[in-house]
Amino acid sequence: MRQLLKASISFGLIGCLVLSPIEFAPATNLTVQAKSASTTVTAERVTTEYTKVYASRSRKAKVILPLTFGTTIYQNATSGSWTKITYKGRTGWVPSATLMPSLISTEYLVDRTTDLYATWSTKGKRVTTVRSWNHVVKTGEYGKWSSVRVGGKTGWLPTSYLRAPYSNNRINRTVYGSHTYGVDTQAEYDAVYKRVKAEFDAKYNSPEFGFSAHIQRVLNGERGTDDRNDPNFRRPDNADLLMAEQALEPYFDGSMSLKTYEKMYRTNNMYTYLYNKYEAKPVAGDKNLKSAYDVLFRGKADCDSSEQLKSLVYDLAGIDNVIIGDGVTHAALLFSVDEGWMGSSYKAYDKKDVDYTNTNNIYISYTQTGHKIAY
């Protein structure tokens, strides 16, 4: 089942300006799947905690060297829950759970369908064709051309065709694992976290973000009417009661417990408050907008940057989340609650939904531990 993106009056979500269904582009799986068989790949990774490099796939094996938080290493292969890595010319094994995708990324998106050439010229031999919005790994540059690897083949294309899906500046310190909220520098990260954390601590548990009076009335059994012949139809608050009943649908249909629903309601009210307080203006078509810093300090937002702000609010509320999209025109946040992973439809994903999501979407951010969602 494909999860279509839709607005929700219950949580006041602010989405992209384009509300038509989105067909997401296929993406390369950039993360280590712990249950997979042994695979071989070379990719940059960063440690998420203090760990040790072992001579073999066991914590009882000889320790080759320790690695501190934030160390960049190269992944060579995976086997079960272990990853073979290289660091400063030394090779060994570390638990896969201690790694996440590098925040200095050599992984790029190609923003159009193009040929790869054997040299830095369109007169060179054609190596292969890369479809738009597929991932490539950049391996070098010459003038206005970049050497990239995709599908086991290496070739050249114009550098202007590449778009970086992740920050190209090192973030040395994060609070919630792999989540950087789209920012480019540690200074931006610190500014975003400080501002949102202060607001969250001051206001999150305040009554203004709790259930509205009409939500409470519906929970107490009161209902509106859509029967135009009913005298109550023209009551001033009838429309509000109908909207409150609709907003409570995830609770009434059993998709969420009341505890989960109330937490989501409060958290999204907190997010909407921040978005409005800092007067972010929706901007369409600006590819540079991608971070919570854009919303909070530049006063500009699109679906990517606003979802990054939402990601931090969710983290502070104890709700793990990821952001997926097509890498260009749309982004949407998925979140993990007691009932499972959910999107804007507020229905728990089954295994088929999770598999579809992981196969057909680009991950703009991963879970807090740097992985795709799992069932």
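The structure is a predicted model, in which local features need pLDDT of at least 70, side-chain atom pairs count only at pLDDT 80 or more, and totals for chains, interfaces and linings use all residues. Residues are numbered from 1 along each chain as its sequence is written, and side-chain values use heavy atoms, with hydrogens and water left out.

The protein chain has 8 helices and 20 strands; helices (H or I, at least four residues) and strands (E, at least two) are DSSP runs numbered from the N terminus. Of the 375 residues in the protein chain, 51% are buried. Here buried means under 20% relative accessible area, exposed means over 50%, and partly exposed lies in between, with a 1.4 Å probe and protein chains only. Among contacts (heavy atoms within 4.5 Å) between residues at least 6 apart in sequence, 58% join residues at least 24 apart.

A nonpolar core is a set of buried Ala, Val, Leu, Ile, Met, Phe, Trp, Tyr and Cys residues joined through side-chain atoms within 4.5 Å. The largest such core has 50 residues, and those touching the most other members are Val 196, Ile 215, Tyr 261, Met 270, Leu 274, Leu 309 and Phe 335. At least two core residues come from each of α1 (186–203), α2 (213–219), α3 (238–247), α5 (258–277), α6 (292–297), α7 (303–316) and β18 (331–337). Helix α5 gives the largest share, 8 residues. Which residues does Leu 309 touch, not counting residues up to four places away in sequence? The list is Val 196, Tyr 271, Leu 274, Tyr 275, Ala 292, Val 295 and Leu 296.

An α-helix has 3.6 residues a turn, so residues three or four places apart point the same way.

Aromatic rings come next. Rings of Phe, Tyr and Trp (its six-membered ring) pair if their centres lie within 6.5 Å; planes under 30 degrees apart count as stacked, over 60 as edge-to-face and the rest as tilted. The structure holds 16 aromatic pairs. Trp 120 is partly exposed at 37% relative accessibility, whereas Trp 156 is buried at 15%. Elsewhere, Tyr 181, Tyr 189 and Tyr 193 form one aromatic cluster.

Arg 57 lies over the face of Trp 93, at 5.2 Å from the ring centre. Lys 310 lies over the face of Tyr 271, at 5.2 Å from the ring centre.

Opposite charges meet as well. A salt bridge is a side-chain nitrogen of Lys or Arg within 4 Å of a carboxyl oxygen of Asp or Glu, and the whole structure contains 15 of them. Glu 208, partly exposed at 48% relative accessibility, bridges to Lys 203 with the closest N and O atoms 2.8 Å apart. Arg 223 and Glu 245 form a salt bridge at 3.6 Å, N to O. Arg 223 lies in the loop between α2 and α3 and Glu 245 in helix α3, so this pair ties together parts that are 22 residues apart in sequence. Arg 235 and Asp 237 meet at 3.2 Å, N to O; Arg 235 is partly exposed, at 30%, while Asp 237 is buried, at 16%. Salt bridges with shared partners join Arg 217, Glu 222, Arg 235 and Asp 237 into one network.

Finally, Arg 59 lies in the loop between β2 (51–54) and β3 (63–67) and is exposed, with a relative accessible area of 56%. Leaving aside neighbours within four places in sequence, Arg 59 is in contact with Tyr 54, Trp 82 and Pro 95.

Notes:
A charge sits over a ring if NZ of Lys or CZ of Arg is within 6 Å of the ring centre and within 35 degrees of the ring normal.
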